[in-house]
Amino acid sequence: MHTEKRTLVVIGAGPSGALVSALMKQQGRDVVVLERDQFPRFSIGESLLPQCMAFMEQAGLLGAVEQGGYQHKNGAAFAWGDRYTEFDFREKFSAGPGTTYQVPRADFDKRLADAAEAQGVEIRYGHTLVDVTLEQQGASLVVEADGQRYRIECDFVLDASGFGRVLPRLLDLERPSDFPSRRAIFTHIQDNADGRFDRNKILITVHPEHQDLWFWLIPFSDGRASVGVVGEEHFFKEGVPWEEQLKAWVAATPSLALVLADSQFDRPVQSLKGYSADVTTLADRRFALLGNAGEFLDPVFSSGVTIAMKSAVLAAQVLGEQLDGRSVDWQQRYARPLQQGVNTFKTYVKAWYRGDFQTLMFHPNPNQEIRDMVSAILAGYAWDRENPLVRESERRLTALVELCR
C-alpha cells in the first residue's frame, strides 16, 4: 500500500472543512482535504446566521460567497396560530454583521470549496477515510479511492465530515445526545409565495396544536425554497410516503398552508432521523472534531453552520500554535470555548421544545433591550460574553420566562 506523509488531513470539504483548510493554508501549512462525495451535492442547513460572515471573511472566502447571487437574509420570523413576531438581526446587542444569506447548500458548499482551492488548498473528491490509527504523535489513515487504498501518515486530523461523523465512528467516540430522537422531513419546492411572507427572513411556524412540531421555510433567490417539518418520531408514520406526510402537516397548519397555497412540490421529499449527537471528547493533540462531527443540536435556530465555522476558526488558531512547537491544551483552548456558545444555543433549543421560548417571544409587551439580546443570539453571536443572556444563559432565560408569565 502506497504511503504518503502530510502535515494536516481534513475530512470533508463542507463549510467547516473549506474554512479550516483555507485558514491553515493562510498559515503556510501543508493541508489536504479528503471528500467522499463529488460536489455539488445536496445538503440541508441552508439559512446562515450573520456571525458566519465574519468567519468567512477571516478565511478569505466571503468575496466568493457575495458573488453567488444568494437570497439576502436580515432576520427570522416566527408564526404560531394567529401570533406572529420577527427579529431583525440588524437590531442586536452584539457588534458584527447583521445580515447574511439563505443558500442552496449544493451551490454554496461548492463555491466555498472552490474558493479554498483557489487559495491553494488540495481537495481530493471521491476519497473516503476507511480506517484511522492514532499514534503517539499524529495518526495513520487508510483512504480508499477508485477501489484502491493508500495510507497517509499525518501530524493531525481535523474531522469536518458533518453528519458523516467519520472519526467518532472509527474511534468509538460517540455517545447519546441528551435530546429526544426527532425526525425532519424536507424538500425544495417552487414556492410561488411572493408577497405572502418576508423573503428576507427564515419563517419558523409552530403547529397550532402540537407546540413541539414546527416547520422551516427558507426562501432562495430563484423563487424556490427549502421547506421541512420537525418533530419527535411518534408524529410520523413508517410506510407512508414522506411527501404525503409533509403536505398533510402543512395543510393542518393554516398560516403556513396559506403561504404555500400555490407551491409546487417538484422534487423528492427526504427524511433524516435521530440527528442530534454528542461525543466523549472533541479534541486531543492528534485530532479535533469540527461542527456537526462533534455535536449537533437541532435545526430550529439554524446554528449548525455557525457552530461549524466557529469550530474551524478556533481549531486553526490552536493547531497553528501546536505545529509551531508550542504546548497547547485542546480542552482549555478549543473544547471549552467552543462549548460555551454551543451551550447557549442548547439553552434556547431546550426552551423552544418546552414552550418557554415561545412564551418570551410572543409576549404582547416586549422589552426592546431584551429582544436585542435575544436577537444577537439568534444571529449567531452565542460566544459574546458581554451579552447577559449568553452569560448564565439558562438561569437568566428561566427568570425572563417567569416574568413574562
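Modeller: Helix α4 covers residues 105-118, and at 1.5 Å a residue its 14 residues should span 20 Å, which agrees with the 19 Å between its end C-alpha atoms; the expected span is taken as 1.5 Å times one less than the number of residues. Helices here are DSSP runs of H or I of at least four residues, strands are runs of E of at least two, and both are numbered from the N terminus. This is a predicted model, in which local features need pLDDT of at least 70 and side-chain atom pairs count only at pLDDT 80 or more, while totals for chains, interfaces and linings use all residues. Residues are numbered from 1 along each chain as its sequence is written, and side-chain values use heavy atoms, with hydrogens and water left out.

The buried residues of α4 are R105, F108, D109, L112, A113, A115 and A116, where buried means under 20% relative accessible area, exposed over 50% and partly exposed in between, with a 1.4 Å probe and protein chains only. Seen down the axis of α4, these residues fall within an arc of 160°, so they line one face of the helix; the arc is that of the directions from the helix axis to the C-beta atoms. An α-helix has 3.6 residues a turn, so residues three or four places apart point the same way.

The buried residues of α4 pack against the helices α1 (15-26), α2 (51-58), α3 (62-66) and α8 (304-323), and also against strand β7 (122-125), contact meaning heavy atoms within 4.5 Å. Just after α4, G120 takes a positive phi of about 105°.

Elsewhere, strands β4 (residues 75-80) and β5 (residues 83-88) run antiparallel and are joined by 6 bridges, two strands being paired if DSSP finds at least two bridges between them. In that pairing A77 stands opposite E86 of β5.
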